[in-house]
Amino acid sequence: MMTKTGDQESPQASASQVDQPSVQRAPPPETPAALQTRFRVIAAFWAVIIFLGFPIWWKTTSIYRASLPIEEMVDWADGKACRPVFPLEIHLATPSMQYFEAQNLLRTTQHTLDDLNEFAAHHLRLKLTNGSTTAVNSDDSLENAQTPAEETADTALTVQLLPRDGLASPWSELHAAATQLDIFYPPSQVPVPSSSNSPLSTFIAAELQRLYGEEKATIAHILSGNTAGLDSTSPQLAEDIDRRLRRSMKYAETYHLSFSLFTPKSEPSSWDIEAAALSPISNFTVDTQVQLYANFAPTAPKPEYDESEAAWTLKKEDLSAFVNAAEWPLNPSIGNGPTINFILYVPDPSQSPLIVKENRASSWMVPQWGGVFLLNPPLSNTEQGGLSNPSHLSQDSLGPAFMTFSHQLLTLLGTPSTPASLPLRLQTSIRIRAATLLLSASSTMGSLARLTESLPSIPIPATVATSVSTTLSHLAASCAHLREGRFGAALASARVAETEAERSFFEKSMVGQVYFPDEHKVAVYLPLLGPIGVPLVVGLLKELKRIAARRKAKGAAS
Amino acid sequence: MTVLSLFTLPFVALILTLWSSSAFASSDYHEHLLLQPLPQSSLLASFNFRSNTSQQSFDQQHFRYLPRALGQILQHAHTKELHLRFTTGRWDAESWGPRPWNGSKEGGTGVELWAWIDAPSDEEAFAKWITLTQSLSGLFCASLNFVDSTRTTRPVVSFEPSGGHSAADQLHLLHGTLPGEVVCTENLTPFLKLLPCKGKAGISSLFDGHKLFDAAWQSMSVDIQPVCSADGECVVQIEQTVDMVLDIDRSKRSRSNPIPRPVPNEQLVCDTSKPYNSDDTCYPLEKTNDKSWSLTEVFGRSINGVCPLTDFDGSSDQSVCLRVPHERGVFISDGADEIKKEDGFTRCFKLAPSVSFDLTIPQQPVNTEVPLDEPVLHAERTIVGHGQERGGMRIIFGNPSNTSAVDFIYFESLPWFLRPYIHTLRATITGHDGVLREVPAYEIVKETYYRPAIDRERGTQLELALSVPAASTVTLTYDFEKAILRYTEYPPDANRGFNVAPAVIRIVDPAHNAPIYIRSTSLLLQLPTPDFSMPYNVIILTSTVIALAFGTIFNILVRRVVSLDEAAALGAQTLKGRILGKLVAIRDRLRGKGTKVD
């Protein structure tokens, strides 16, 4: 054996001695201890890099992102977290009926109502009052709305049943200033306990259904996301509701009304605005201004003269370009609340009278912005022979304009047109606003969730997380209030939720840009990373190669 | 605020109430333009627009002459009196004499703003001041939002409210300057929008941004103040002025061909008494003829009628006045009337409505000149010294009067990075005899109000009450130290220097009712500026050092130590060794070939 190996080695040795000078000889193979040490050194360096360097680098360069309840937010946006319901509590006061009669009437009427109702989220709940005839007047309901921490549900309506002789069929009367509906009925129509239906209960149900028809359609429209409302809603009503919702201003605590007189020449330069002005209105701030030499925008279409009308006309489709936003000083007012602009435009004498071509109207509304009124005052002859506008607009000439403006204001505020009773309309508004705010805050939450997921590089400060949790808790509270019929409280919660949601969405520090791009940092640190990285990587590769070779050798040996 | 009451309101309140009202009796509007040729072929055009609104209308936000945007800003910021100035250029007091409006309608170079704000405490006043500057910044397209606490001062004696204020108001005066702001057309457009006639009729139709900001000196101002009559009725007055000194030759150049051409040789008037006077050397003499000019040439347009809101009572319908000697011929367009005033130098023009007005002055030999008053005080302020660490400020006051001393307040607001040493304040005085003498500062300085700076929070405020004796020149000097800023505090153009706001001088002259204001020019302060690539150099250098150290240590730890001959044997197996071996083989083959040929 020994000689064999010697034989095998000797040709190699002799060959090397032939090729190279004899001074060169291969070093002895490295001791396992040295190999071990080298392996340990390289492993130690890499361990430091992986377990210390990378975490520190990661920690110091990562962006702070507070954790958000993304799923919950998306649930709210998708409407999964809350199905807003509007149970309206209606008190049935039957002072002149027996208890069981009243009970029976209540039961049958509720039954009829439920049959009629096709929109489950908005339903009427009848309840008997103990015969007390005190109607909740509008002042009380105001206070009710203001105290959110009320435990009982708001009473939406009190139906007062009054027997009256000599009536063929029941008839109703709605109080204009109170949430009370008086129903007069012939005493003969009191339902007998056995019957499941009666003309009186059908009548009551139909009356109630009529009263709340528009509100129901509106809420259905809002909740369904502006597509299809209720099936039974007439297309006319649906369109009305849609238009009104599109036109009305966003909800705010206070509005600013700005009345402006614009004229392309120098006259008229004054108006009896102080006399014509609105009496002091709380929650509205009013300002007025006079602007002379207000020209149309150069790109806006010019009015055309219409022979048949003997007037200058503006085309309906050109009305959107009428307000010269670039030059007319119509900037929103400072302070809280959005500005509603009303423009009284007195045309140039050479273009007077000016009307809208299609419908000969002299006024129109700009949705969510304000209204315009074209005033064509009687012209007078000047000394130079031309025509001129009066230099002063009297109160009388302003009358029609301000009637139009007040009508436009109501439309812009989005007040519904039915029912006739003012307190009922106010209550309707509360419910509609609550629903709108609830939806808007929910969809803001959804947008925020999508935003944070789609942009992984934006920071999320802790304040946003707090705002989000406040929003979610108030949304839940609002939803719970709605379910229990406390609409005032629901609106209060929804307002807080909306404010917080907006605050979190428009948080300034979230849009902060990364000052140094990654390429920049790499370029700066390359002098460090290059010379350090190359020996480390080469060392690692060599070691891996050696280990692989040894494995192979071992495998071959075994 | 309640939700329900909001909805109640439209139904009950939108009722037209009937009062008979005469609320506009107290609102009126005036505009006035004064043109005055100045020496060195300059022309001073001084525009003034003034309107009043009754306090009641103002409180109820019924805006007619007062612009709505500005009125609402004032109400929102509880500002009772506001003064805003946009100025460019330098008023050459030695040639042009005293300043228009006694300097009360001009500001220091850039933007200057001061206001009296009604607030219960200093902190609230400052919060409202910030609101005010932010809003005005948006309205006038100026960088007023950069007026922060370091640029805000509260002068004690330099300014006094000019309006009538009720005693109940707790007024706080705040003053801010932006000496580096470049005033340009984007500030003129909103300024014009504030005027009732919007630059479309009346004298405001002369404004053209190209001409206005090409002027040698121009100043735009907005002043709003309450004015109360003796019987206690108050109006809110807004006064807007534009003053500019145009170079007639420069303005007359057509815009299509604006390159100045040299005067042809034969038209030059040379001083032949000079010894070097020859065919190709000329010392030009002052012109004996006055320049010819017209409004259309100088302003590029003519006056478009009158603004019809102007009150036509008394003399205010003469809205354009010209100060030239009466014997000077002036041509005016048809429809306008010329009224000569008794002082022999002023004539005013009554313009026809809706007819454009032009005014032409032909070239004429000068016989009499409009006399220019001597300014009450000459003032000059410069930074002296050298080096990046320290410097000095030198302020020279000259009193030209031979009889009376001048008392005035000198107000300086210095940025925090300029740290003055007030103990080094020295005064020298040059009297009638021309001898320079050093005097103790307290002989000149009567009172001092000094509020030292806090780094990055507020600037230095220095107010001195001074008195300069008759026919003397007083020079004040003090030393300062330049602070070193943080790396990120330097602006992009750090090597240009940092603007130091002009000093304001208020002369309390018993002869004049209103104080005279003089402003020095703004200064440029050179601060030690770092090499901005420094951080990168430092990073790269340290990286290299660390890499070197690391490489050495790592190599020592990892490399195998062998003897020299062993290394050669090992080397044959490495990539380098193999390449070397190949090279040797090729060399050997070449040599072998060579030997064959031989």
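Reader: Which residue stands opposite L162(A) in strand 5 of chain A?
Author: That residue is F184(A). The model is predicted: local features need pLDDT of at least 70 and side-chain atom pairs count only at pLDDT 80 or more, while totals for chains, interfaces and linings use all residues. Residues are numbered from 1 along each chain as its sequence is written, and chains are lettered from A and ligands numbered from 1 in the order in which they are written.

Reader: What makes strand 3 and strand 5 of chain A a pair?
Author: Two strands pair if DSSP finds at least two bridges between them. Strand 3 and strand 5 (residues 180-185) of chain A have six bridges, in the parallel sense, so they are called a pair.

Reader: How do you know that strand 1 of chain A also pairs with strand 3 of chain A?
Author: Strand 1 (residues 86-93) of chain A and strand 3 of chain A share five bridges, again in the parallel sense. H91(A) stands opposite T158(A) in strand 3 of chain A.

Reader: Why is strand 3 of chain A called largely enclosed?
Author: A residue is buried if 20 or more other C-beta atoms, placed from the backbone, lie within 10 Å of its own; it is exposed if 12 or fewer do, and partly exposed in between. Seven of the nine residues of strand 3 (residues 155-163) of chain A are buried, so the rest of the structure largely encloses this strand. Over chain A as a whole, 33% of the 558 residues count as buried.

Reader: How do you know that residues 39-58 of chain A are helix?
Author: Helices (H or I, at least four residues) and strands (E, at least two) are DSSP runs, numbered from the N terminus. Residues 39-58 of chain A are 100% helix and 0% strand, with end C-alpha atoms 27 Å apart. Residues 522-541 of chain A are also 100% helix and 0% strand, and their end C-alpha atoms are 23 Å apart. An unreviewed UniProt entry annotates both spans as "transmembrane region"; such annotations may be inferred rather than shown by experiment.

Reader: What radius of gyration does chain B have, and what would a compact globule of 598 residues have?
Author: The radius is taken over C-alpha atoms, and the globule rule is 2.2 Å times the number of residues to the power 0.38. For 598 residues a compact globule would be near 25 Å, but chain B has 35 Å. The C-alpha atoms of chain B fill a box of roughly 120 × 95 × 60 Å along the principal axes.
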